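Have the structure open as you read.

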Amino acid sequence: MFSSGFLANLGAVTALSGPDVLVVSDRTNHASIVDACRLSRSRVEIVPHRDVAAVAEALAGRDEDHAIVVTDAVFSVDGDLAPLAELHALVRSHGALLVVDEAHALGVVGPGGRGAAAAARASRANPTSSARSRCRNRWLRRAEPSSAPPR
Ligand SMILES: Cc1ncc(COP(=O)(O)O)c(C=O)c1O
């Protein structure tokens, strides 16, 4: 049990890392993940935001026996979503681990607010509802204030 999200990231990332572990971290991850990476005693590769190809390249080119990919689920600054389904498939194919910070996703995203990992699982299990949610997201984007008609 951790008393804050900051400590949860510090605890999880440092527990799973070390000299024989590559840590791959999205450039816009929360500061607590950045600090955890610094304390990890691992080589850390910072990849461009939401860049699955860059994560794949980092995992494929590593010398370390183990690797973890760490990401916000909903990014704190931009509010966009990590490509969790793609990252999950990637880490599985490279024998790596995916660590997801759901701080901004729990209660907001996914079935019953269970988070972005649950949402990714649900869309894999039910492609029809995935297509429906893509339509809804497109509709939400169109409804953003920047594209609203002038009053
Ligand atoms: C994505 C994310 N992770 C971790 C934290 C840290 O959580 P706490 O404020 O509980 O230490 C925050 C805080 O805003 C956050 O946005």
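Predicted model: local features only at pLDDT ≥ 70, side-chain atom pairs only at ≥ 80, totals over all residues.

In H3, the buried residues are Val55, Ala58 and Leu59. A residue is called buried if 20 or more other C-beta atoms lie within 10 Å of its own, exposed if 12 or fewer, and partly exposed in between, with C-beta atoms placed from the backbone.

Residues are numbered from 1 along each chain as its sequence is written.

What do the buried residues of H3 pack against? Their partners are strand E1 (21-26), strand E2 (43-47), strand E3 (66-72) and H4. Two residues are in contact if their C-beta atoms, placed from the backbone, lie within 7 Å. Turned away from the buried side of H3 is a face that carries the exposed residues Ala53 and Ala60.

## The chain as a whole

The chain has 6 helices and 4 strands, and along the sequence they follow the pattern α-β-α-β-α-β-α-β-α-α. Helices (H or I, at least four residues) and strands (E, at least two) are DSSP runs, numbered from the N terminus. Of the 151 residues in the chain, 30% are buried. Among contacts in the chain with a separation of 6 or more, 55% join residues 24 or more positions apart.

## How the helices meet

Axes are lines fitted to C-alpha atoms, for helices over the stretch in contact, and angles run from 0 to 180 degrees between N-to-C directions.

| Helix pair | Axes come within | Crossing angle |
|---|---|---|
| H3 (residues 52-60) and H4 (residues 84-93) | 10 Å | roughly 15° |
| H1 (residues 5-16) and H2 | 8 Å | roughly 35° |
| H4 and H5 (residues 116-125) | 9 Å | roughly 85° |

Let us take H3 and H4 to begin with. Their axes cross at roughly 15°, and H3 and H4 are therefore roughly parallel to each other. Angles under 35 degrees count as roughly parallel, over 145 as roughly antiparallel, 65 to 115 as roughly perpendicular and the rest as oblique. H3 passes H4 in a right-handed crossing; a crossing is right-handed if the near helix is turned clockwise from the far one by less than a right angle, and left-handed if anticlockwise. Val52, Val55, Ala56 and Leu59 of H3 make this contact with Glu86, Leu87 and Leu90 of H4. By class, the residues are 6 nonpolar, no polar and 1 charged. Here Ala, Val, Leu, Ile, Met, Phe, Trp, Tyr, Cys and Pro count as nonpolar, Asp, Glu, Lys and Arg as charged, and the others, Gly among them, as polar.

H4 also meets H5, with axes that cross at roughly 85°. That makes H4 roughly perpendicular to H5. From H4 come Leu84, Ala85 and His88, and from H5 come Ala116, Ala117, Ala120, Ser123 and Arg124. This contact has 5 nonpolar, 2 polar and 1 charged residues.

The crossing of H1 and H2 is right-handed. In H1, Gly5, Phe6, Asn9, Leu10, Val13 and Thr14 meet Ser32, Ile33, Asp35, Ala36 and Cys37 of H2. The classes here are 6 nonpolar, 4 polar and 1 charged.

## Arginines and a glycine to look up

Most residues other than glycine have a negative phi. Arg41, in the loop between helix H2 (31-38) and E2, has a positive phi near 65°. Arg41 is partly exposed, with 13 other C-beta atoms within 10 Å. Arg50, in the loop between E2 and H3, has a positive phi near 60°, and Arg50 is partly exposed with 19 C-beta neighbours inside 10 Å.

Arg43 belongs to strand E2. Leaving aside neighbours within four places in sequence, Arg43 is in contact with Leu22 and Glu64. The C-alpha atoms of Arg43 and Val21 are 7.2 Å apart, across 22 residues of sequence.
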